[in-house]
Amino acid sequence: MAEYIKLIDVTKCTGCRGCQVACKQWNSLPAVDTMFTGSLQNPKDLNYNTWCLIRFDEVEKDGKLNWLMRHDACMHCETPACAKACPSPGALTKNENGSVVHNPAYCIGCRSCIVACPFDIPRNDKALEKMAKCSLCHDRIDDGKKPACVTACPTGCLTFGTKEEMLKAAEKRAEKVKGVIYPANPHYETHVMYILPGTVGVEDFSHMNPHPKMPATLYWWKNLFKPFTLIGIAGVAGAAFLHYIIKGPHRVHEKKEGGE
Amino acid sequence: MSAHGDMIKVTDGIERVVHWILAGSCLFCLITGIGFMYHSWSFIATFLGGPYAMKWMHIFSGLAFAVSFVYSFFMWKKDCQFESQDLQWVLKGGGYLWNVKDLPPVYKYNAGQKAFFWILVACAIVIIASGVVMLNPLYYPVVMARFAYMLHAGAVVLLGAFIVVHIYLGTAGNPGTVSAMLTGYVSRPWCETHCPRWLADRDSWKPGGEKDVA
Ligand code: SF4
Ligand code: SF4
């Protein structure tokens, strides 16, 4: 099966939020009452029932006002921190098509994934005691369709295709608009990529991690302490056994005659 | 002679009960924790009714561990205060590694037992504090929550290994010892070997020697 990438060309986004609505519809996510908070961004944050959100930032740079609209959702990491942290087999799986899919049936609501994610994507559904996030519409991909958000996007900001195609397209487009490709960390691959306008930096976008990487604490936890828990127990048990057969147990000296 | 013959009481009932609540909850947490850590060992969760059930078992067992730990700390901290002779005992390997004739006489607990106690204290504090953070990780700054997950696992590496040492030395490694935590009584020769100074003290307190002095 092919590996896919969703490309988000921020320079083409008009903030229409068609993707946000399409996501809700395809995934049957319940509506919420929202409030106008003085920004186009509504609701204010991702939520268990809002898996993709258009974030809105006003940034003044070199005397010019920039309106930044950014489609924010799960990045579908190549080595997902969320799945690495998850204690429940099957709750978070990385698929060949690139998607990282959450299966609520196996989720135990421990929230380890929420803490681990370098992009702060998973959200907690308090009522169900389960995590919730974008699935890249893996069910649609398997059916030969594009994710719902991509299908809905009217401007061509969101595109979807095989990894090779999209990487090529991203480079071409970045060159044309003098933009930058995000994430740029070659050690942290994702199946969602951005083209950001060259006139602003990554830091100008809210809720965007300028240096996405696997958290070091997660590395220590899973790559060191995890194996050493069993190595330690088994090693010490082995040493105890050797002590028993070589040196022998520490017997009590019987001083008095007729002792037990 | 009492019903226990020439056996000497070294632990009282409350010590034994607290010891076993601490030990039982600790082992249960260790086993369920291993079940969470290694996906390939998910049979542990299956056996206990699935990972969701195991999550709550781990939490409640952790609560029992925390409560019995706090009680044990205050119960044993005095007995586990290091003294100057302990260094001598350690330098001689406690008589466990090579043959030693003149081990410094031990009072109630030897330096190894005391060290185990303080390692348990350090690890338990880290494990309990990080466990509290992991109960509601979203209430805390993300960096703090991430450290909690890491430290929870890190402290277990140390504690898990030392628990195995403790079990071995309390059972097969020192015949006659385990009854101290079962019936509470051990033989007089056992005391002469393992806690001679305490035994001398005890004999001077209660010349009959069969009363409750533990
Ligand atoms: S962006 Fe976060 S939630 Fe999505 S796959 Fe990566 S680590 Fe997991
Ligand atoms: S909340 Fe669910 S998906 Fe997230 S780590 Fe826990 S079990 Fe896994």
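Student: Hi! Is B:F73 buried, partly exposed or exposed?
Tutor: B:F73 is partly exposed, at a relative accessible area of 21%. Buried means under 20% relative accessible area, exposed over 50%, and partly exposed in between, with a 1.4 Å probe and protein chains only. This is a predicted model: local features need pLDDT of at least 70, side-chain atom pairs count only at pLDDT 80 or more, and totals for chains, interfaces and linings use all residues. Residues are numbered from 1 along each chain as its sequence is written, chains are lettered from A and ligands numbered from 1 in the order written, and side-chain values use heavy atoms, leaving out hydrogens and water.

Student: Thanks! And what about B:F74, buried or exposed?
Tutor: B:F74 counts as exposed, with 55% relative accessibility.

Student: How many aromatic pairs are there over all chains?
Tutor: The whole structure has 17. Rings of Phe, Tyr and Trp (its six-membered ring) pair if their centres lie within 6.5 Å; planes under 30 degrees apart count as stacked, over 60 as edge-to-face and the rest as tilted. B:F73 and B:F74 make an edge-to-face pair, 5.1 Å centre to centre with 80° between the planes.

Student: New topic: how many disulfides turn up?
Tutor: Zero, over all chains. A disulfide is a pair of cysteine sulfur atoms within 2.5 Å. For A:C153, the nearest cysteine sulfur belongs to A:C157, 4.9 Å away.

Student: Is A:C153 buried or exposed?
Tutor: A:C153 is buried, at 19% relative accessible area.
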